[in-house]
Amino acid sequence: MIKIVDYSFEHFPVEYVLCGKFQTDNLEKRFGRYRYLSGCNYHISINEILESEKKIRLQNVLKTCNTEFDLKELRNSSLTSEQDTFSVDISDFLFILETDYLISYDVDEAVKIYICGCGPFSHKKKISCTKCQEKLIKSKGVMLELDYFDYLQRAGLCIPADEIGYIYHHACAIFTYIIDHENTLKMLFARLDHKTILGTLIVESLESDVFIDLKIICECGMPHKKIYTATTFIICNILLNNFTKNKNNLCHKEKSDKKRKLLTLTS
Ligand SMILES: [Zn+2]
């Protein structure tokens with residue numbers, strides 16, 4: 001590296017050399033793809049590398065020779081053909097919708113925008129229609145004068161559409177109600193399909209929301225209900241995930257008095 005720098009100063013009229021440009025990112029990216037194509041396997045064989053290389057080249061050829069064929073379109077059509085009703089029995093939980101769960105729940109705006117922005121953002125990639133995308137994300141990188149959010153975003157995060165915010169509110173309100181009532185919580189986790197139950201319950205409560213119209217169908221043929229249902233399930237996942245993580249952390253704390261590694265590092 002030093003020799004390259006010396007050589008550059010001697011033979012070219014340069015004032016400085018950006019050493020950061022000498023890196024192996026592209027090479028690492030390629031090897032990353034090899035591993036990914038070999039079933040996310042970390043230790044791959046030479047055969048697998050050769051096979052992956054063939055796959056990558058084939059993908060590139062397909063991309064250039066057939067512009068009308070788009071994988072996204074294919075995925076889109078599979079999304080629209082999915083069943084939009086879930087055959088799961090939520091009758092035991094419907095009473096929650098009769099309570100004042102929405103009014104009693106207090107939403108943290110910054111957290112809401114952060115979660116609603118990152119969840120639907122991953123879903124947005126699966127949708128090719130721009131009008132449908134607008135249903136998920138309003139804009140990108142706008143400062144909102146919410147300290148926590150502005151600190152996190154540094155002008156690069158997505159701002160969710162208002163409807164997504166309402167969905168989040170419904171989801172959190174219902175989940176908080178369940179957590180606050182031990183019997184309901186036990187009832188939910190006694191069922192194997194608790195994620196589907198929670199999601200279906202939230203979609204059910206959206207039906208009564210005046211701000212969200214589930215009946216509209218986009219010009220591209222995608223019913224809005226489908227987009228909102230998918231978003232609901234993403235939010236559901238995040239909520240359940242956080243809940244289990246918190247529970248796990250509590251269990252760990254109770255089990256051992258020893259500080260965990262991360263804690264000792266930060267203290
Ligand atoms: Zn559309």
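Helices α9 and α11 cross in a right-handed way (a crossing is right-handed if the near helix is turned clockwise from the far one by less than a right angle, and left-handed if anticlockwise). Keep in mind that this is a predicted model, where local features need pLDDT of at least 70 and side-chain atom pairs count only at pLDDT 80 or more, while totals for chains, interfaces and linings use all residues. Residues are numbered from 1 along each chain as its sequence is written, and side-chain values use heavy atoms, with hydrogens and water left out.

Back to that pair: the axes of α9 and α11 come within 9 Å and cross at roughly 125°. Axes here are lines fitted to C-alpha atoms, for helices over the stretch in contact, with angles from 0 to 180 degrees between N-to-C directions. The helices themselves are DSSP runs (H or I, at least four residues), numbered from the N terminus. So α9 and α11 are oblique to each other; angles under 35 degrees count as roughly parallel, over 145 as roughly antiparallel, 65 to 115 as roughly perpendicular and the rest as oblique. On the α9 side, Ile167, His170, Ala171, Ile174, Phe175 and Ile178 make the contact, and α11 brings Leu198, Leu201, Ile202, Ser205 and Leu206 (contact means heavy atoms within 4.5 Å). That gives 9 nonpolar, 2 polar and no charged residues, where Ala, Val, Leu, Ile, Met, Phe, Trp, Tyr, Cys and Pro count as nonpolar, Asp, Glu, Lys and Arg as charged, and the others, Gly among them, as polar.

Stay with α9 (residues 162-180) and look at α6 (residues 109-124): these two pack at about 110°, axes 10 Å apart, so they are roughly perpendicular. Val111, Lys112, Ile115, Cys116 and Pro120 of α6 meet Ile164, Gly165 and Tyr168 of α9. Sorted by class, that contact has 6 nonpolar, 1 polar and 1 charged residues.

Now for the metal. The zinc ion has Cys129, Cys132, Cys218 and Cys220 as its protein donors, each through SG, at 2.2 to 2.3 Å. Donors are N, O and S atoms within 2.8 Å of the metal (3.2 Å for Na, K and Ca), and water is not among the atoms, so sites may look incomplete. The angles among the 4 donor atoms run from 101 to 118°, and the site is tetrahedral (four donors, all angles between 85 and 135 degrees). Along the chain, the donors follow the spacing C-x2-C-x85-C-x1-C. Distant parts of the chain are linked here: Cys132 sits in α7 (residues 130-134) and Cys220 in the loop between α11 (194-206) and α12 (224-255), 88 residues apart.

Definitions and conventions
Four donors count as tetrahedral if all angles lie between 85 and 135 degrees; four count as square planar and six as octahedral if opposite donors are over 155 degrees apart and all others between 65 and 115; anything else is irregular.
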